[in-house]
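Hi everyone, thanks for making time this morning. I'd like to walk you through a few contacts in this model, so please have a look at it first.

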There are 6 protein chains.
Amino acid sequence: MATAPLVSDAQASPEVRAVFDDIRATRGSDFVNNFWRVLAADPGTLKRTWEEVKAVMGAPGALDPLTREMLYIAVSTTNGCSYCVHSHTAAARAKGMTNAQYGELLAVVGLAARTNQLAQALQVPVDDAFEV
Amino acid sequence: MATAPLVSDAQASPEVRAVFDDIRATRGSDFVNNFWRVLAADPGTLKRTWEEVKAVMGAPGALDPLTREMLYIAVSTTNGCSYCVHSHTAAARAKGMTNAQYGELLAVVGLAARTNQLAQALQVPVDDAFEV
Amino acid sequence: MATAPLVSDAQASPEVRAVFDDIRATRGSDFVNNFWRVLAADPGTLKRTWEEVKAVMGAPGALDPLTREMLYIAVSTTNGCSYCVHSHTAAARAKGMTNAQYGELLAVVGLAARTNQLAQALQVPVDDAFEV
Amino acid sequence: MATAPLVSDAQASPEVRAVFDDIRATRGSDFVNNFWRVLAADPGTLKRTWEEVKAVMGAPGALDPLTREMLYIAVSTTNGCSYCVHSHTAAARAKGMTNAQYGELLAVVGLAARTNQLAQALQVPVDDAFEV
Amino acid sequence: MATAPLVSDAQASPEVRAVFDDIRATRGSDFVNNFWRVLAADPGTLKRTWEEVKAVMGAPGALDPLTREMLYIAVSTTNGCSYCVHSHTAAARAKGMTNAQYGELLAVVGLAARTNQLAQALQVPVDDAFEV
Amino acid sequence: MATAPLVSDAQASPEVRAVFDDIRATRGSDFVNNFWRVLAADPGTLKRTWEEVKAVMGAPGALDPLTREMLYIAVSTTNGCSYCVHSHTAAARAKGMTNAQYGELLAVVGLAARTNQLAQALQVPVDDAFEV
């Protein structure tokens, strides 16, 4: 259960409906996932968040869309956000992530968590060589 | 300061020295960074960790080396590991990360942290569509 | 499921029962939520934790009760504690949190998570101006 | 040290300079803190982040500016972001946070971290009463 | 639901089956828990992870097996990993953890989370006396 | 630098001084570390926190003092609390932690972080066998 109600299409205010419509048009799909339906509890945050997602994840750039999704999975996993892990793993697969790529992603994020922990436990001082 | 002493080459036991030598040979550089010098306090963990790093980060595979480094940065940043952020940002640059790629990495990890937080605050239920 | 059994009123030892009674008297409600029923597995921690909650959340002071609950939500969300997000969002609503206030809370905690992430990624040095 | 160079006024591109100018105008102060100077490494993220900060922290609304800053401190502390803790504690004091308010903020965020940890350790099931 | 399918014994490749068999032989039990069945999606990570678990948790050493499990619970709780909290609390009980020991574990991890939070909020400088 | 001033003995109010005196008497040492000197900014939180530390860490019980310190290190490391890692590693050494024990502690906390991350990435469902 969420801490705020899911907003259906029928319940959506015009401001919320405009965001839902843009999600549909941008993705070329009728599906609006629960994140946006709950976030609609605060239309201003809904709109700002969607605009940011569209700008950051959708615009052409130096990183391909699948790499961006895998970075999203890495952060969401580290934060322990169950919803986000599910939605972005699904998105990465929809963008072509293979089982081999997913396996290597798992290996890297597991290793990083382990060495992060060791570096924190040991309070390793930053090498001069890493200075900008 | 670290919570354990940094082990210099002169202080290294043969077991530790063998790992240091393999780090140098693998990287083609004489530089052994502080992480390994402090971790040398526990030779078994040193060896297991280095073997894992070599296997996960160095082997040819489905993800290119720069993508792996960027995933490492994403996890290290989310865990707030200062040492790891420094060392892996330096490593990513050494592997060719451009300013444009770094900028997009920052944008994605910032966005992911934000939507992770929103999904946690709202306790959004996972959509059936995301089921495997 | 919890990792320890929920303690019902009938199962409560006198020491546990005294805490449950104080929870009821303090809140003016017969409802004792699951957190206390599971925590009753360790009566000493139950008692110390409840005393602390009563002292920190209930005493008159410089912050009003709703502000305290919203701070609690902010921490619980960042820690990804599902139970705590649910219970303190319910508590904040019971103390009068409006939809507008909740919306702004969401916007602030989402923004904070994002800029925290950016500051960690960039390892921004603290300005002299922020020194006490 | 940061993982990207601090951008001085002299080095700022017109796009970056426009954001710096808006920060100064909005705050009525000539001071541009390091966060923005390092973030300037990626002008797009700089601009989007500043627009979001201005919208979320500066607009009139249902939460007063000091409450917003205290929520920011709560999140930043939980994320262990040293820079953010420093900058937002300074900001809260500039907005009038008293020692008594700060003391209560500390007490609440410390308590929340403790009960979050207990609820996670015990995996307490969410009460039906907390359902929306 | 998991983000990858659970691999049954019948579905297991020879490489995966060999790990499952070693888990069974090492533990003296026919039970292979879900963690390994999902991780089998990536046989390389499955094998490396199991080898590490066997080496770190199973070998005789300076810490007894129960202490290691309790440390595992402490980390898993702090990371908010529900699966890990469940599996390692069960493992600790199987290794003899008493209710009294569990109660004290809860008290310590709750206290640590609280003082961690306070130290982060206050950005307490490290005392010279703690230097190695 | 801290976000609040360090309180010297000369500056301590009678309420703060009483806590400092009890720290000294309890530990049999004249040294009062910075955590308490900064926390003295809020005498109520100082007193409640010290009472809790004394009760949880100092009382005889089912876990020996060194095990409690190692659990404290595990939580502090996972939270990335630099001050806490330093102070509790020093405390564990003062209570007799050997290099071998410290090495195994590092190995366990590193492994736990890694498998926590994998379990979160894969969203592994809890086995029925782990139910209480």
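Let me begin with a term: buried area is the accessible area, taken with a 1.4 Å probe, that two parts lose on being put together, summed over both. Between chain B and chain A that area is about 5,900 Å², and carbon and sulfur atoms give 71% of it.

A word on the ground rules. This is a predicted model, in which local features need pLDDT of at least 70 and side-chain atom pairs count only at pLDDT 80 or more, while totals for chains, interfaces and linings use all residues. Residues are numbered from 1 along each chain as its sequence is written, chains are lettered from A and ligands numbered from 1 in the order in which they are written, and side-chain values use heavy atoms, with hydrogens and water left out.

Back to chains A and B. Counting contact as heavy atoms within 4.5 Å, 66 residues of chain B and 66 residues of chain A take part. There are four salt bridges between the two chains, each being a side-chain nitrogen of Lys or Arg within 4 Å of a carboxyl oxygen of Asp or Glu. In one of them, Arg68(A) pairs with Glu104(B), with the closest N and O atoms 3.3 Å apart. On the chain B side, helix H6(B) gives the most, with 18 residues; helices here are DSSP runs (H or I, at least four residues), numbered from the N terminus.

Which residues of H4(A) meet H3(A)? They are Arg68(A), Glu69(A) and Tyr72(A), and they meet Val56(A), Met57(A) and Gly58(A). The axes of H3(A), residues 43-58, and H4(A), residues 65-78, come within 9 Å and cross at roughly 125 degrees. Those axes are lines fitted to C-alpha atoms over the stretch in contact, with angles from 0 to 180 degrees between N-to-C directions. H3(A) and H4(A) are therefore oblique to each other, a label for whatever is left after under 35 degrees (roughly parallel), over 145 (roughly antiparallel) and 65 to 115 (roughly perpendicular).

Last stop: chains F and D. Here nine residues of chain F touch nine residues of chain D, and about 760 Å² is buried, with 54% from carbon and sulfur atoms. The interface has one salt bridge: Arg114(D) with Glu52(F), closest N and O atoms 2.8 Å apart.

Notes:
Helices (H or I, at least four residues) and strands (E, at least two) are DSSP runs, numbered from the N terminus.
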